[in-house]
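Here is a set of questions and answers on how the terms used for a structure follow from their definitions. Please look at the sequence and the model first.

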Amino acid sequence: MTSIFGLTVEELFLYIVFYGFSALMIAGGLTVVLGRNLVHSAFALLATFFGVAVFYALLGAEFLAGAQVLIYVGGILILLLFGVMLTQRIYDMNLKTETFQVRPGLAVAGLVFLTLTFVAVRTPWKRLGFVVEGRSINDVPISNTAELGRLFLTDYVLPFEVASVLLLFALMGAAMLVRRRVDL
Amino acid sequence: MIPLEHYLIVSAALFSLGVLGILTRKNAVNVLMSIELILNAANINLVAFSRYSSVNLSGQVFAAFVIVIAAAEAAVALAIVLSLYRILKSVNLDRATALKG
């Protein structure tokens, strides 16, 4: 077995993909939050959504990775871009956006990050049973899409139906909200 | 295998970036983008825990519901932003101070 830095080639590849896409996601997130141009922010969000899809793939959730690309990249991001285009006067290229309360915001966000990181690092996940030793990538069923579909139609059938009704009403409500008022 | 903590830290970074965006941006569409960042960060946690623990696929099921609700939320929120823009001619959140248009 060839090994580099004490890791097998597969592990090394996994680490490179993980850290590469982590960097991409955090750079995208920074651009979304700190960028001056709204369109740039929207496209940086694209990078972040793709990074999340790659994380799902790394975690063996291939159905969610596909859904992430289809729904977030293909749906929500396009919707957000429509939002940007329809609410700015695009012809004078004034797509700038303002920030306020930067210092308190940075303090709160920094505190949130430090707290979450502290909890993530210091909690003994193994002892609490959240991490089961010896689970390798081979333990995950090759296609967990079928298992996910079975769960949706058995254990989670009520939330599944409620979610579909919610989607219907949300779309009807959205169409209601933006229609032009017509006097009948 | 990549330790669970690394996923949690990346997700924490995305979450705090989303919080920062909500607190500091004035543009309503930009605040929406930050909310999507937070939802994605939570989703990474759900899928990561579902992968590393013995609790099977329930984390992935919850993540799928989060994606569905994020889609509904984005549609309704953008409808609200568009009607706000029609009334105020701006999407600056500081100017949206009245409940009735």
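**From definitions to descriptions**

The buried residues of α1(A) pack against α2 of chain A and also against α1 (4-24) and α2 (28-52) of chain B. This is a predicted model, in which local features need pLDDT of at least 70 and side-chain atom pairs count only at pLDDT 80 or more, whereas totals for chains, interfaces and linings use all residues. Residues are numbered from 1 along each chain as its sequence is written, while chains are lettered from A and ligands numbered from 1 in the order in which they are written.

Q: Which residues of α1(A) are called buried, and what makes a residue buried?
A: A residue is buried if 20 or more other C-beta atoms lie within 10 Å of its own, exposed if 12 or fewer, and partly exposed in between, with C-beta atoms placed from the backbone. In α1(A) the buried residues are A:Phe21, A:Ser22, A:Met25, A:Gly28, A:Gly29, A:Thr31, A:Val32 and A:Val33. Over chain A, buried residues make up 21% of the 184 residues.

Q: What are the helices and strands of chain A, and how many does chain A have?
A: Helices (H or I, at least four residues) and strands (E, at least two) are DSSP runs, numbered from the N terminus. Chain A has six helices and two strands, in the order β-β-α-α-α-α-α-α along the sequence.

Q: What makes two residues a contact, and how many residues of chain A are in contact with chain B?
A: Two residues are in contact if their C-beta atoms, placed from the backbone, lie within 7 Å. By this criterion, 72 residues of chain A are in contact with 62 residues of chain B. To the side of chain A that touches chain B, α3(A) gives the most, with twelve residues.

Q: Why are α3(A) and α3(B) called roughly parallel, and α2(B) and α3(B) roughly antiparallel?
A: Axes are lines fitted to C-alpha atoms, for helices over the stretch in contact, and angles run from 0 to 180 degrees between N-to-C directions. Angles under 35 degrees count as roughly parallel, over 145 as roughly antiparallel, 65 to 115 as roughly perpendicular and the rest as oblique. The axes of α3(A) and α3(B) are 10 Å apart at an angle of about 10°, and these two helices are therefore roughly parallel. The axes of α2(B) and α3(B) come within 9 Å and cross at roughly 175°, and this pair is therefore roughly antiparallel.

Q: What makes a set of residues a nonpolar core, and which residues have the most contacts inside the largest one?
A: A nonpolar core is a set of buried Ala, Val, Leu, Ile, Met, Phe, Trp, Tyr and Cys residues joined through C-beta atoms within 7 Å. The largest has 66 residues, and those with the most contacts inside it are A:Tyr56, A:Leu80, B:Val29, B:Val47 and B:Ala48. Leaving aside neighbours within four places in sequence, A:Tyr56 is in contact with A:Ala61, A:Leu64, A:Ala65, A:Gln68 and B:Val47.
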